Amino acid sequence: MLELRNITKIYGQQASAVRALDRITLGVNDGEFVAITGPSGSGKSTTLSIFGILETPTAGEYLIEGIPVQNLAKQVLALLRNNRFGFVFQTFNLLPRTSALENVMLPLIYAGVGTRERTARAKAALDSVGLPGRYDAHPNQLSGGQQQRVAIARAIVNNPSVILADEPTGNLDSKMGKEIMQLIQNLNRDRGITVLMVTHDASCAAYATREVSFLDGKIERDRSNA
Amino acid sequence: MTISSTVRLAESALLRNKMRSLLTTLGMVIGVGAVVIMQAMGQGATAYISDQISGLGANMLIAVPGTTRMMGAQSAGVPLLVEADLEALRRRAHSVRDIAPLINRPLRTMYGTNYHNTVINGTTPDFFRIRKFVVTEGRDMSDEDERTGALVCILGPTVQTALFGSDHAVGKEIRIHNLPMRVIGILEPRGSMLGMDADDIVYVPYNTFARRISGNDRLGAIMFSALSQDEIDDAKEQATQVLRQRRHILPGEDDDFVVRDPREMASVLESVTGALTILLSGIAAISLLVGGIGIMNIMLVSVTERTREIGLRLAVGATSSDILTQFLVEATILALLGGMIGLLIGLGASSIVAKAISIPFVVPIAAIPIAFGVSVLIGIVFGVAPARKASQLIPLEALRFE
Ligand SMILES: Nc1ncnc2c1ncn2[C@@H]1O[C@H](COP(=O)(O)OP(=O)(O)OP(=O)(O)O)[C@@H](O)[C@H]1O
Ligand SMILES: [Mg+2]
């Protein structure tokens, strides 16, 4: 259970201040697949970043399993980012000149997992996203869809309970986008991983079980897709 | 995160920019290289000096005409020493044991059709006692040779080889200054001294030199030894007084001759070594500073270039201390790499220079841990600022960095 309570996020100071989020309250239950939609600049990415503790809100409270995040030590926040959340970005964010396997291993390095287990788990993750045998490929040797698969493998390798995806199909054509969406849907259905996904695309939002629409830093609509 | 994976991470980051990494370490290479050369040369020179002093013979002193301005003696316009000075010293300087005149002239030596230009020295048997010169073949110069002004000579090994090749020289007659001189002995080889060949020399009895070559009683120098080590200063003082009187120097006037003590020469050499060490220390300090700043600079560039990477690492669970350690280790490895290259180059350069100026090459054992320590220190000191900058990045801002 993740809960935003009266969250406000203001960027910049005084005259140039931008109110990206305006007293948002939003709860996400375990196992949900939530699509976050809305026009550009409406606060979708900001919301996702607050969920992933990549960003701190200006006001309001964020609770993980009922525990207020603002009270937690920096090391605990790093630990949560390491083993509770998995991030998938529009631009993949893979380390260049680094093999797919090493990219996927990254969270396990910070989790203190030994070399042998790290390799085995990273290989299993790459296999499960449909990239067996491309362990040594560098990002520039992979297509966009394949790079996003590596990124998804990296997101799931440390068994997170939540995946946070910001326009994961934004840089892909519709065929590859569809494959990635199915992969994410499987993670939600088969493994029970909670998914929060920002998207512009209605066909992507259709994979979700719930759709939250933003407008000007506020939630405009919140409805189930059942 | 474990140490080994941190080190491996740093290595792979540095390998991605091989050329840049190598160039960055240049300052460290020069700095540590200078430290190593300094150590090696310093120890080599010290070994050389004590070697030379023990080779000079015990309690040796030498009087030469001239004044002590600058480091050497200036002899222009100053009366030379003469045989009578030697006699006066022998009679009146009581702390003196052996005493020998020294006079030399560059001349050609000939044997058959072979010839060789060298320096002919006229001296007495005392000289060989003072300097502890040993004849390896033939015999020493005798008092008889000196008294009668015999036409005999003792050759340095270089002269022997130049005139006789591998043939025996003892007993043969060579020509010097158109005089037939019988070779009576060959000196033990002494190698080179400050780049000069100490074996390229010929000794003849002083009387022979004075009567048949120079034709006068002038001396280039008087060499003598004190009765014991404790009496070196006495011997020097007595000799100075005798020579002042002989040369009619009034009280209060400066000496126009110098009585040198090899211990003083050693201290001159040591001060030269000291100056060299200070110079190299300066070069080392400046290079290490430049090297450190170079590392800091390249690490700052690297942090900026890799801002998104840092953001990603933070997003997948790195703590800020993981990031700090990563960049500190990178800086330290860079510094160590430079240090190790510097160590090798320094050792190589020292051995070449030592050979060129013919001083012993001493592997400066102490320089190895110093090179390591200095490198690690520089890496940490100059790596801290970039590493802190990296560790203080905010995950989202870093991820969004273009
Ligand atoms: N670091 C920042 N500094 C200043 N303003 C920011 C910053 N990040 C976001 N904003 C502003 O906050 C508002 C919300 O931004 P956010 O990125 O959440 O929008 P979004 O809904 O994800 O838009 P898009 O669909 O274009 O990605 C925007 O007006 C944006 O300009
Ligand atoms: Mg966005």
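Before you start: the model is predicted, and local features need pLDDT of at least 70, side-chain atom pairs count only at pLDDT 80 or more, and totals for chains, interfaces and linings use all residues. Residues are numbered from 1 along each chain as its sequence is written, chains are lettered from A and ligands numbered from 1 in the order in which they are written, and side-chain values use heavy atoms, with hydrogens and water left out.

**Stop 1: the four-stranded sheet**

Select β2, β1, β4 and β5 of chain A. These 4 strands form an open, antiparallel sheet in the order β2-β1-β4-β5. Strands here are DSSP runs (E, at least two residues), as are helices (H or I, at least four), numbered from the N terminus. Two strands pair if DSSP finds at least two bridges between them. β2 and β5 of chain A are the edge strands, each pairing on one side only.

Start with β1(A), residues 2-11. It is joined to β2(A) by 7 bridges, and the two run antiparallel. Pick Ile7(A): its bridge partner in β2(A) is Ile24(A). Now look at β4(A), residues 59-64, which is joined to β1(A) by 5 bridges, again antiparallel. Here Glu3(A) stands opposite Leu63(A).

Move on to β5(A), residues 67-68. With β4(A) it forms a hairpin, with 2 residues between the strands. The pair has 2 bridges and runs antiparallel. Ile64(A) has Ile67(A) as its bridge partner. In the turn, Glu65(A) has a positive phi of about 50°.

**Stop 2: ligand 1**

Select ligand 1 and the residues near it (a heavy atom within 4 Å). Which chains surround ligand 1? Residues from chains A and B do, so the site is shared between chains. There are 14 residues around the ligand, and Ser40(A), Gly41(A), Lys44(A), Ser45(A) and Thr46(A) come nearest. By class, the shell has 4 nonpolar, 7 polar and 3 charged residues. Ala, Val, Leu, Ile, Met, Phe, Trp, Tyr, Cys and Pro count as nonpolar, Asp, Glu, Lys and Arg as charged, and the others, Gly among them, as polar.

Colour β2 (18-28) and α1 (44-51) of chain A: each supplies at least two residues of the shell. α1(A) gives the most, with 3 residues.

An N or O atom in the side chain of Thr46(A) is 2.5 Å away from one. For Ser42(A), a backbone N or O atom lies 3.2 Å from a ligand oxygen. For His200(A), a side-chain N or O atom is 3.4 Å from one. Taken alone, ligand 1 exposes 630 Å², of which the protein buries 66% (Shrake-Rupley method, 1.4 Å probe).

**Stop 3: the six-stranded sheet**

Stay in chain A and select β6, β7, β8, β3, β9 and β10. In that order, these 6 strands form an open sheet with mixed pairing. β6 (85-88) and β10 (218-224) stand at the edges with a single partner strand each, so one side of each has no neighbour in the sheet.

Zoom in on β7 (residues 162-166) and β8 (residues 194-198) of chain A, a parallel pair joined by 5 bridges. Ile163(A) stands opposite Val195(A) in β8(A).

**Stop 4: a helix pair in chain B**

Select α12(B), residues 320-356, and α13(B), residues 367-391. Their axes come within 7 Å and cross at roughly 145° (lines fitted to C-alpha atoms over the stretch in contact; angles run from 0 to 180 degrees between N-to-C directions). By class, their contact has 18 nonpolar, 7 polar and 1 charged residues.

Key
A polar contact is a pair of N or O atoms within 3.5 Å; within protein, one must be able to donate a hydrogen and the other to accept it, and residues adjacent in sequence count only if both atoms are side-chain atoms.
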